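Subject: Handover of a structure and findings

Dear colleague,

Please find below the structure I am handing over to you, together with its sequence. My findings come after it, and I would be grateful if you read the two side by side.

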Amino acid sequence: MRINRCSRRALCALLLFPVGIVHADAGHGAPRADSHAPIGVMGEHVHESGEFMVSYRYMRMAMAGNRIGTERVSPEFIVQNVPNRFAGQPMQPPTLRVVPLEMTMEMHMLGAMVAPTDRTTLMAMVPVLSSDMTHVTFAGGMGTERLGRFETTSSGIGDVGLSALFRVRQWADGQLVGKLGVRLPTGDVDDTDTVLSPMDTRPELRLPYPMQTGSGTFALTPGLTWRHGTGAVGWGAQYAGTLQLGRNDEGYSRGDEHVLSAWGSYLWAPWISTSVRAEASTRARIDGIDSEIRAPVQTANPDFQGGDRVDAGIGVNLLGTRGALAGHRMAVEYMVPVHQDLNGPQLETDSVLTVGYQYAW
């Protein structure tokens, strides 16, 4: 896996972070590295009245190769066997002629939390996204003659999230936290780029659905997190949903998404804990269609979106407990898929890296 300059700096900072930490006693009420969930889990804790927290997350998702359902397929198989949804329209061949080979999606997530009461915490999350996708174009008509490769890119602010977190129940060694949130349609749904067509031309077209930085619709984002711990051992589980509220101005809505996550952690010292986590997610196909997205490529077909995935991975949480680093957290998590069942030909996910920083006062 290639790691760019931004993620290298974040990982270096993570490795150097323990140098400045002064160990603290793990007595009752003392700060602990495992008091937050793995960094890939969001909206899982509340703060005491009057507390603030700011956060930054860097997430990199790498995708390469294609699947139909659970089976891997080659670009040649796709262009010979998968019909083009737009066949019969001008300049549209009978089968797909452009196939994605790989995609990298990077997200910089800025977050803020404030607790007006002991039971309620308000949260805002602002994502900045950048994506690039490499394709291979096959010559027009039929056959498997490769015409060449091209790359499309997009970047910008994604859909902003606003949420209220509330403590449903708390006991000596755990708590239950609920979440009610809304996602705002602040990202773009009309980005364009230049492509290589099967006729060996270079038109500028509206990018397909996975390359748009926004959804164009409001969505509800409910959640429920249960956490518990005994001594150095902790565990937890979370449900997180994204429920679309109608179609956007382009005539479609992205599929609803449901995510179940479970993790266990071990506190080696007050300043460091490690974790293992499993995550199961399901996302529905796109409802509707953007009339401006028409191309002989799988990403332009609303039916070839969504599917089921199960990921597993490991993480590290670090906490500054005294001195200038008190209240500062850094964490990293690396996840890989163990199961993928995708709707139609789609790029499969290879890995998800998340690096984060949090500071509370």
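This is a predicted model: local features need pLDDT of at least 70, side-chain atom pairs count only at pLDDT 80 or more; totals for chains, interfaces and linings use all residues.

Strand pairing around β12

With strand β11, residues 223-230, β12 pairs in the antiparallel sense over 8 bridges. Within that pairing, Trp 226 stands opposite Ala 237 of β12. The hairpin formed by β11 and β12 has 2 residues between its strands, and Gly 231 there adopts a positive phi near 65°.

β12 is also joined to strand β14, which spans residues 257-269, by 10 bridges, again in an antiparallel arrangement. Here Gly 234 is placed opposite Ser 265 in β14.

The model contains 4 cavities of 30 Å³ or more. The second largest cavity has a volume of about 70 Å³. Its lining consists of 15 residues, of which Gly 43, Met 53, Arg 57, Met 113 and Met 123 are the closest to the centre. Three strands each supply at least two residues of this lining: β1 (52-69), β3 (98-114) and β4 (120-138). By class, the lining of the second largest cavity divides into 8 nonpolar, 5 polar and 2 charged residues.

The second largest pocket

The second largest pocket holds about 480 Å³ of space. It is lined by 28 residues, and the closest to its centre are Val 195, Leu 205, Arg 294, Ala 295 and Pro 296. The elements giving two or more residues to this lining are β4, β5 (146-157) and β9 (204-206). Strand β4 therefore deserves a look in both places, since DSSP runs define the strands: β4 contributes to the lining of the second largest cavity and to that of the second largest pocket. The pocket lining comprises 19 nonpolar, 6 polar and 3 charged residues.

With kind regards

Notes: Residues are numbered from 1 along each chain as its sequence is written. Side-chain values use heavy atoms; hydrogens and water are left out. On a 1 Å grid over the protein atoms alone, a cavity is a set of points where a 1.4 Å probe fits but cannot get out, and a pocket is an open set with protein on both sides within 12 Å along at least five of seven lines; lining residues have an atom within 4 Å of a point. Grid points are joined across faces, edges and corners, and a volume is the space filled by probe spheres set on the points. Helices (H or I, at least four residues) and strands (E, at least two) are DSSP runs, numbered from the N terminus. Ala, Val, Leu, Ile, Met, Phe, Trp, Tyr, Cys and Pro count as nonpolar, Asp, Glu, Lys and Arg as charged, and the others, Gly among them, as polar. Two strands pair if DSSP finds at least two bridges between them.
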